[in-house]
Amino acid sequence: MIGNIIVKSNYEEMSHYAASVVAGIIRLKPDCVLGLPTGSTPIGMYKELIRMHQTEGLDFSGVTTFNLDEYVGLGLDLNKPYTKDQSYARFMWEEFFRHVSLRKENALIPDGRAKDLVKECHYYESRIKQAGGIDLQILGIGTDGHIGFNEPSSPFSSRTRVEDLHAQTIADNYEKFFKPAGFAKGQVPKRAVSMGIATVLEAKQIMLLASGQEKSDVVFKALSGPIMEEMPASVLQLFPEKIRIVTDQTAASRMVKYTE
Ligand code: GLP
């Protein structure tokens, strides 16, 4: 089991703690490189980072960010962020980028609309290398243990590539994001471009966030069960020295007894 698990009493405290880790790294290294996730879990962390930018002067102008993934067929030009779609680029623009001092040219997201997706994946990898690698990679976790869009059975050696999404992931994404926005089930993309597991593991530090009862089983299995490709997040157990798991009480309920 990974020792570095920080359990907070609720979602808000988890989010504030996660934001403090990010802010600490930015203050220590103003030109740091961050790996960013989408999903409902990191929204509270983004909100707190926006507050820190607005009221404490936390400055993102030297920071470079790489998002984990994007749906095939979707994407957004951050210089003209007008189209309404469910791309992760739009999510990042609305929830975070447009509120802070991050430069648009330093906010990188795989382009799911690229004609040549293989080339786009290679280009993305080369941009990460060019930036000197990722200082802090932040992750969420899917109910089936996926990280980014590395679905169960993704090779641990995988790099940025196009991945077919599993039925459970498509169903989760429909319920959380597409249905509330009025989209039909059939409109949820079935493929995505995702950083690979090996790409993620090259980050100097990794912070995984998990919140809510629906994550308690997967957190337990991923962090204390066997390390196997069927459970992508279990690979994190191989790197205890650079992994920090931050959860709320409910997500950790099968792992530890909460004492604070
Ligand atoms: C999507 C994203 C993942 C994210 C997961 C969990 O599949 N590609 O990066 O971790 O959803 O989302 P949520 O935080 O909404 O539970």
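**Exercise 1. Sort the lining of the largest pocket by residue class.**

Step 1. The lining of the largest pocket divides into nine nonpolar, two polar and eight charged residues. Here Ala, Val, Leu, Ile, Met, Phe, Trp, Tyr, Cys and Pro count as nonpolar, Asp, Glu, Lys and Arg as charged, and the others, Gly among them, as polar.

Step 2. Know what you are looking at. This is a predicted model, where local features need pLDDT of at least 70, side-chain atom pairs count only at pLDDT 80 or more, and totals for chains, interfaces and linings use all residues. Residues are numbered from 1 along each chain as its sequence is written, and side-chain values use heavy atoms, with hydrogens and water left out.

Step 3. On a 1 Å grid over the protein atoms alone, a pocket is an open set with protein on both sides within 12 Å along at least five of seven lines; a cavity is a set of points where a 1.4 Å probe fits but cannot get out; lining residues have an atom within 4 Å of a point. Grid points are joined across faces, edges and corners, and a volume is the space filled by probe spheres set on the points.

Step 4. The largest pocket holds about 390 Å³ of space. Its lining has 19 residues, and Leu 76, Leu 78, Ala 107, Leu 108 and Ile 109 lie nearest the centre. Strand 5 (107-108) and helix 4 (117-130) each give two or more residues to this lining. Helix 4 supplies the largest share, four residues. Helices (H or I, at least four residues) and strands (E, at least two) are DSSP runs, numbered from the N terminus.

**Exercise 2. Describe the second largest pocket.**

Step 1. Its volume is about 210 Å³. Of its 14 lining residues, Gln 86, Ser 87, Arg 90, Phe 91 and Phe 177 are the closest to the centre.

Step 2. Helix 3 and helix 5 give two or more residues each. Helix 3 gives the most, with five residues.

Step 3. By class, the lining has six nonpolar, four polar and four charged residues.

**Exercise 3. Which residues lie closest to the centre of the largest cavity?**

Step 1. Count first. There is one cavity of 30 Å³ or more. The largest cavity has a volume of about 320 Å³.

Step 2. It is lined by 23 residues, and Thr 38, Gly 39, Ile 141, Gly 142 and His 146 are the closest to its centre.

Step 3. Helix 5 (residues 167-178) provides the largest share of this lining, four residues. The classes are eight nonpolar, ten polar and five charged.

**Exercise 4. Is Pro 226 buried or exposed?**

Step 1. Locate it. Pro 226 lies in the loop between helix 7 (216-224) and strand 10 (243-248).

Step 2. Apply the cut-offs: buried means under 20% relative accessible area, exposed over 50%, partly exposed in between (1.4 Å probe, protein chains only).

Step 3. Pro 226 has a relative accessible area of 55%, so it is exposed.
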